[in-house]
Amino acid sequence: MRSIRIDQETIISLEEKARQIRKDVVTMIHQSSDGHPSPALSIADMIAALYFHVLNIDPQNPEKPDRDRLILSKGHACTALCAALARRGFFPLSALPTFRSLHSILQGHPYQKKTPGLDATTGSLGHGISIGLGMVLAARVLGLDYFTYVIIGDGEQEEGLIWEAAMAAAKYKAGRLIVLADCNGLQSGGKIQEVGGIEPIQPKWEAFGWHTQSIDGHNLKEILSAILKAQQVEEKPSIILARTIKGKGVPFMENNNDWHKKVPTKEELELALAALGGNR
Amino acid sequence: MSALQSTRIAAIEAIDSLMEQNPRIVLVFADSVKVFRATELVKKYPHRCFDVGIAEQNAVTVAAGMASSGLIPFVATYAGFLTMRACEQIRTFVAYPKLPVIFLGANGGIAGGEREGVTHQFIEDLGIARILPSLSVVSPADAYETHQAVLRAVEQQGPVYIRIGSGRDPVFFEQPYPFEWGKAHVILEQNPEDAVIFATGGFMLHRCKQAVKLLNKEGFRISLLNIHTLKPLDTATVGRFLQRAKAAVTVEDHTVIGGLGSAIAEAASELYPVPLVRLGLQDTFAESGEPESLLDAYGMSVTNINESVKKVVSLKNQLGR
């Protein structure tokens, strides 16, 4: 059993980490002139909670066999993940501006062979839960007790493979598999409900035999409490449906799907950083 | 007609022996335990055999997760459901990160799918597997060679695709021989020869041997090579025979686009261009039938091989080489 400290001091510190990740996201995309800002901004709080408080990981030993795993199934949001890995000390901050450039350790979408601390290759949507289930089953074979966390988008639940994985994870009673769904309500082409029609989503997961929770995905206390609760579920895989705002933290990006993939100009970057608290 | 021995059972027996030695080896099925006659193995290793149901994309991606965490998974199901339905999963989640996952694809070729018909006759698997970077591709001749290929595959420390048959697979090697990964295997060498035949798969090798006998009687000198490893192709041996024979025929139970014929044509055009005929499915689907009669009906008969050899020899002579 793991314990997760949930007190005011922790929350304030994680909020600051999330703010820093958001600043890194918009800065990286501006500097590298490519990337997906708003899908990364919506997961910043979950990424901060996991990398700075929950995950059992060691930047000095990124491959340690009993580390917790995290798979960013919605790989296009990887600027948030890269920022967290750099801030956590897996590689120098100087790598961040090289994102999506030739010979960078930070590929356009996550690639496990190049980026220290990165557990899985992703980017093609719908695959994270299957990879995570493989990692959970590997832990059983190897006698290890790590947790595997997967962050999926809401749009990618339109992929059939998600539901193949959902069935198999329930069959294998994958209690150490914890999925966080970033439910920001938008996908590349528009509103989730207009493009794919996945709702009602919670009853689907329940029907597939999963433990489900619904939270505010920008409330760190709720994020930590939900993860703690999910860790205690032993016989079922867990999904935390986190309601989020695409572009969260940068007012002109919030719920504006133009920012799904768009590079902020110098002026837009300055506005975004000011909204995120500037250099404080 | 030669004796039959199942390549599926041979693969599972080899995996059994590997699992005894290496606790990191696991098996993932997609409702394919019975297909591979693996019920006993699953009973022996219930915690290292996983069946995700009729869900090939999930089987491959789960295996990618396992391999990322230190295991060496085999994924065993039908060749086409692996290489077509789960093609992207093999490419992006296994081949791209160079993970040690070994794929066993059953029903390779029309002789492998035989009476099941086109839906279960996989004539594209080798070509699809071959174009994926970092994936090794092996097409064993029979049960013995399948056993050897499986044992060697885990030593590659990277992804491997192995083509398996229907379970009613002709024995080609009556005696063990030293199987070498990535090497062309010389079955018959007549130095110097009028033409060289490159073949893959047991049904094809048997037919080639018969064709060579007939050709010998007519005064043709022929060398026959078994290309069990399509990737990496043994270009040194292939090039040496092309240069000496100056005429070649390829024979495979696969579409001639993308498989052995393409591999040899690519090598020949870069190493030593020669007249070349590619036997196999000529850009067509087949139909249900008995394996031997199917192969005869779709352009892979002994007569087809015979005539193709004569054709390339004639072309060579016209070129004055």
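The largest cavity holds about 240 Å³ of space. The closest residues to its centre are B:Gly108, B:Gly165, B:Gly201, B:Gly202 and B:Phe203, out of 20 residues that line the cavity. The model is a predicted one. Across the whole structure, a search finds four cavities of 30 Å³ or more. Rolling a probe the size of a water molecule over the atoms shows where empty space is left.

Nine of its residues are polar, seven are nonpolar and four are charged. Two helices of chain B, H6 (110-113) and H9 (202-217), each supply at least two lining residues. H9(B) gives the largest share, with three residues.

Helix H1 of chain B was examined next. It covers residues 7-21, which makes 15 residues. At 1.5 Å a residue, H1(B) should span 21 Å, and the 22 Å between its end C-alpha atoms agrees with this.

Which residues of H1(B) are buried? They are B:Thr7, B:Arg8, B:Ala10, B:Ala11, B:Ile12, B:Ala14, B:Ile15, B:Leu18 and B:Met19. Both strands and helices of chain B cover these buried residues. The strands include S1 (25-29), S2 (49-51), S3 (72-78) and S4 (102-106). Among the helices are H2 (39-44) and H8 (143-153).

Methods. Residues are numbered from 1 along each chain as its sequence is written. Chains are lettered from A and ligands numbered from 1 in the order in which they are written. This is a predicted model: local features need pLDDT of at least 70, side-chain atom pairs count only at pLDDT 80 or more; totals for chains, interfaces and linings use all residues. Side-chain values use heavy atoms; hydrogens and water are left out. On a 1 Å grid over the protein atoms alone, a cavity is a set of points where a 1.4 Å probe fits but cannot get out, and a pocket is an open set with protein on both sides within 12 Å along at least five of seven lines; lining residues have an atom within 4 Å of a point. Grid points are joined across faces, edges and corners, and a volume is the space filled by probe spheres set on the points. Helices (H or I, at least four residues) and strands (E, at least two) are DSSP runs, numbered from the N terminus. Ala, Val, Leu, Ile, Met, Phe, Trp, Tyr, Cys and Pro count as nonpolar, Asp, Glu, Lys and Arg as charged, and the others, Gly among them, as polar. The expected span of a helix is 1.5 Å times one less than its number of residues. Buried means under 20% relative accessible area, exposed over 50%, partly exposed in between (1.4 Å probe, protein chains only). Contact means heavy atoms within 4.5 Å.
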